[in-house]
Amino acid sequence: MAKVQGYVVVNTQRCKGCDLCVVSCPTDVLELQPREVNDRGYHYVYMKNPEECIGCFNCGTVCPEGCLTVYRKRLDK
Amino acid sequence: MDISSIVSPENLVYAKPEIMNDNHMHYCPGCSHGVVHKIIAEVIKELDLQEKTIGIAPVGCAVFAYKYLDIDWQEAAHGRAPALATAVKRLNPDKMVFTYQGDGDLAAIGTAETIHAANRGENIAIVFINNGIYGMTGGQMAPTTLSKMVTSTSPDGRDVQMMGNPLKILDLLALLDGVCLATRVSVHTAAAVKKARRMVKQAFENAMAGKGTSIVEVVSTCNSGWKMTPADANNWMVENMFPVFPIGDLKNI
C-alpha cells in the first residue's frame, strides 16, 4: 500500500477532454468518461483508479484548462 | 478510501493559479496556450507582480488572452506587440511589461518590430509560442512551418525551394546585443512545464531588473491545425519540431 494517497478533483464543466492528463499520469489513475459529457459536449476526465493516485500533480501541471485540483496526504501521519 | 480526509486545504498540492480567472477559454482542447497562460499566472503570483504587470496581447489565437488573466492588458495590432510594449515600458518604467505572441505574429508580420525592439534592448519580456502554423485562421503555412510539413496552404508539404526554409527567429534574436535571454522551452510534459516556468520567471525578472530583452520561445502544438489528437501532437512535436527547434538556452547572460 502506498504511503501517500492523492486525490484529483475535476472541474467537470471546465474540462475539455483533451486526454493530456491521462497520458501524463504515471499510475494510470485517470480516464475520460466513455459516455458521459459535460454541458459543452466534452467527455470529461474522472478517476478510474483513485486508490493508485500518488498526488504527483503531473495531471494538473499539463492541464491546459486548469480544471484539476490535486490533494495529497501522507497515510503514516 | 476516505475522500473527505484527503480533500482538505492543508493537503492541497496543486490548483489553478488565482490570477487565471474562471472565464471559459476559447482554445481547442489540448492547446499549449492554456498551459503557458497558467505558467505566466503562476510566475506573476510568485514574483508578486499582479499590480505591476502589463501584458501585450497579440493577434492570433491568443488574441483573447486578456480575458483569462486578471492583470492589465493592452491589445496590439497584428505583429506590433513589441513596438507597443516599448512604448508602455518607456512610459511606465516601474511596470513589468511582457508580450505574448505566436509565430505568425512575431516571426511573420511583426519581424521588423521584434528585431528592432530586441536590438534596442527594450526591457521587456517576449513569450513566443511557436507551433509552426497559423492556428487561428485555419492552419495555413507560417514562416516557421517545417520543411515538407503539410498545412492547408501547402497540401503537398512545404517546398523549401519555392517557399523558403523554416525561420529560426530565436537564433537571429540571440545574435543581437540588446538581448539578455534567448531560450527555447516546451510544455508537453510536467518536467518541461517546470523548466518553462523557470525560464519565464527569469525573463520577467530580467525585465524588472532592466537587463534587456528576454525572449522565451515555447515550442508548442496546434493539434487542430495539425489534425491530430493532443497526445499525438505532442509526440509529433518531439519527433519533428525538436530537431529543427532544439530545446535549450541560446543566450543567457
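View 1. What covers the buried residues of α8(B) includes α2 (58-62) of chain A together with α2, β4, β5, β8 (179-186) and β9 of chain B. This is a predicted model, in which local features need pLDDT of at least 70, side-chain atom pairs count only at pLDDT 80 or more, and totals for chains, interfaces and linings use all residues. Residues are numbered from 1 along each chain as its sequence is written, while chains are lettered from A and ligands numbered from 1 in the order in which they are written. Helices (H or I, at least four residues) and strands (E, at least two) are DSSP runs, numbered from the N terminus. Among the buried residues of α8(B) you will find Val193(B), Arg197(B), Met199(B), Gln202(B), Phe204(B) and Asn206(B). Here a residue is buried if 20 or more other C-beta atoms lie within 10 Å of its own, exposed if 12 or fewer, and partly exposed in between, with C-beta atoms placed from the backbone. The 20 residues of α8(B) should span 28 Å at 1.5 Å a residue, and the end C-alpha atoms are 29 Å apart, which agrees; the expected span is 1.5 Å times one less than the number of residues. Just after the helix, Gly210(B) takes a positive phi of about 70 degrees.

**View 2. Where chain B meets chain A.** The contact takes 30 residues from chain B and 28 residues from chain A, two residues being in contact if their C-beta atoms, placed from the backbone, lie within 7 Å. On the side of chain B that touches chain A, the elements giving two or more residues are α1 (3-6), β1 (12-14), α2 (32-46), α8 (190-209) and α10 of chain B. The largest share, five residues, comes from α2(B). By class, this side of chain B has 19 nonpolar, nine polar and two charged residues. Ala, Val, Leu, Ile, Met, Phe, Trp, Tyr, Cys and Pro count as nonpolar, Asp, Glu, Lys and Arg as charged, and the others, Gly among them, as polar. Strands meet here too: two bridges join β4 (residues 68-74) of chain A to β1(B), and the two run antiparallel. Look for Val70(A), which stands opposite Tyr14(B).

**View 3. The bent helix α10 of chain B.** α10(B) bends by about 35 degrees at Met237(B), the bend being the angle between axes fitted to the seven residues ending there and the seven starting there. Met237(B) is also buried, as are Pro230(B), Ala233(B), Asn234(B) and Met241(B). These buried residues pack against α1 (20-24) of chain A together with β9 (213-219) and α9 (223-226) of chain B.

**View 4. Helix α3 of chain B, mostly covered.** Eight of the eleven residues in α3(B) (residues 81-91) are buried, including Pro82(B), Leu84(B), Thr86(B), Val88(B) and Lys89(B). Their cover includes β2 (53-57), β3 (72-75), β4 (96-102), α4 (103-109), α5 (111-120) and β5 (125-130) of chain B.

**View 5. Asp105 of chain B.** Asp105(B) lies in helix α4 of chain B. Asp105(B) counts as buried because it has 33 C-beta neighbours inside 10 Å. Not counting residues up to four places away in sequence, Asp105(B) touches Pro58(B), Val59(B), Gly60(B), His78(B), Gly79(B), Ala81(B) and Gly110(B).

How values were computed:
Two strands pair if DSSP finds at least two bridges between them.
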